[in-house]
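This report treats side-chain contacts, pockets and backbone angles in turn. The sequence and structure are displayed first.

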Amino acid sequence: MAATDVKQKSTVRRKFRNFDLSDEIKMVGAARKGISAEVFYNFAHLIKMPEKNLAELLYIHPRTINNYREQEKNLAPVESEHLLRLIALFAKGEELFGNADEFNYWLQKPFWSTKEKPIDWLTTPGGVGLVSDELDRLAHGYVA
């Protein structure tokens, strides 16, 4: 991958530029207000992840998300924060790997000398943080 690929703004980052994904305080502040269910659907579509799978990562039933959407109701703060952290992670992954498809491929590969895959860790905000740290190590040339 060329150095210019890494510097390119990701599609995810551009799509969700109204959220300051690099500022922890602003991200948590936005989460506390609640994120629109529409953000969930836009994100799932953009990263080519089935809505059911994304809902599973957030521990929300897909029907619940659909109800929120129909009622124009925001996600709860905990769900909103988890979703924003996933958006930030995918923006970072897309910038590092060049596109969402390559990042999704990496998420499916076992790592840390185990059979677990990075995607398995995305069910909690802490797990998202661990995978994000792994991406930082990759960006600095360390083997993941």
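## A charge over a ring

The charged end of Arg69 lies over the ring of Tyr41, at 3.7 Å from the ring centre. A charge is taken to sit over a ring if NZ of Lys or CZ of Arg is within 6 Å of the ring centre and within 35 degrees of the ring normal.

The model is predicted: local features need pLDDT of at least 70, side-chain atom pairs count only at pLDDT 80 or more, and totals for chains, interfaces and linings use all residues. Residues are numbered from 1 along each chain as its sequence is written, and side-chain values use heavy atoms, with hydrogens and water left out.

## Aromatic pairs

Seven aromatic pairs are present in the structure. Rings of Phe, Tyr and Trp (its six-membered ring) pair if their centres lie within 6.5 Å; planes under 30 degrees apart count as stacked, over 60 as edge-to-face and the rest as tilted. The Phe43 and Phe90 rings, with centres 5.4 Å apart and planes at 85°, are therefore edge-to-face. This pair joins distant parts of the chain, since Phe43 belongs to helix H4 (residues 37-46) and Phe90 to helix H7, 47 residues apart. Helices (H or I, at least four residues) and strands (E, at least two) are DSSP runs, numbered from the N terminus. Phe43 and Phe90 are both buried; buried means under 20% relative accessible area, exposed over 50%, and partly exposed in between (1.4 Å probe, protein chains only).

The rings of Phe97 and Trp106 have centres 5.6 Å apart and planes at 35°, so this pair is tilted. Phe97 is partly exposed at a relative accessible area of 21%, whereas Trp106 is buried at 14%. One aromatic cluster is formed by Phe16, Phe43, Phe90, Phe97, Phe103 and Trp106.

## Salt bridges

Side chains of opposite charge can pair when their charged atoms come close. A salt bridge here is a side-chain nitrogen of Lys or Arg within 4 Å of a carboxyl oxygen of Asp or Glu, and the count by this rule is 10. One of them joins the side chains of Glu95 and Arg13, with an N to O distance of 2.6 Å. Glu95 in helix H7 and Arg13 in helix H2 (residues 11-15) are 82 residues apart, and the pair thus links distant parts of the chain. Glu95 is buried, with 15% relative accessibility; Arg13 is partly exposed, with 22%.

Two further bridges lie within single helices. Glu56 and Lys52 form a salt bridge with their closest N and O atoms 3.1 Å apart; the two residues are four residues apart in helix H5, which means a separation of about one helical turn. Glu56 is partly exposed, at 44% relative accessible area, and Lys52 is exposed, at 51%. In helix H7, Glu81 and Arg85 are likewise four residues apart, or about one helical turn, and their closest N and O atoms are 2.8 Å apart. Glu81 is partly exposed at 23%, while Arg85 is buried at 17%. Glu24, Glu81 and Arg85 are linked in a network of salt bridges.

## Pockets

A pocket is defined on a 1 Å grid over the protein atoms alone, for a 1.4 Å probe, as an open set of points with protein on both sides within 12 Å along at least five of seven lines; lining residues have an atom within 4 Å of a point. Grid points are joined across faces, edges and corners, and a volume is the space filled by probe spheres set on the points. The largest pocket holds about 200 Å³. Its lining residues include Arg13, Arg85, Lys92 and Asp133. Helix H7 (77-97) and helix H9 (125-139) each contribute at least two residues to this lining, which comprises five nonpolar, three polar and four charged residues. In this classification, Ala, Val, Leu, Ile, Met, Phe, Trp, Tyr, Cys and Pro are nonpolar, Asp, Glu, Lys and Arg are charged, and the others, Gly among them, are polar.

The second largest pocket has a volume of about 160 Å³. Among the residues lining it are Lys48, Pro50, Glu56 and Ile119. Helix H5 (residues 51-57) gives the largest share of this lining, three residues. The lining divides into four nonpolar, three polar and two charged residues.

## Positive phi angles

Most residues other than glycine have a negative phi. Lys48, in the loop between H4 and H5, has a positive phi near 60°, and is exposed at a relative accessible area of 57%. Glu72, in the loop between helix H6 (62-70) and H7, has a positive phi of about 50° although it is not a glycine. Glu72 is exposed, with a relative accessible area of 73%.
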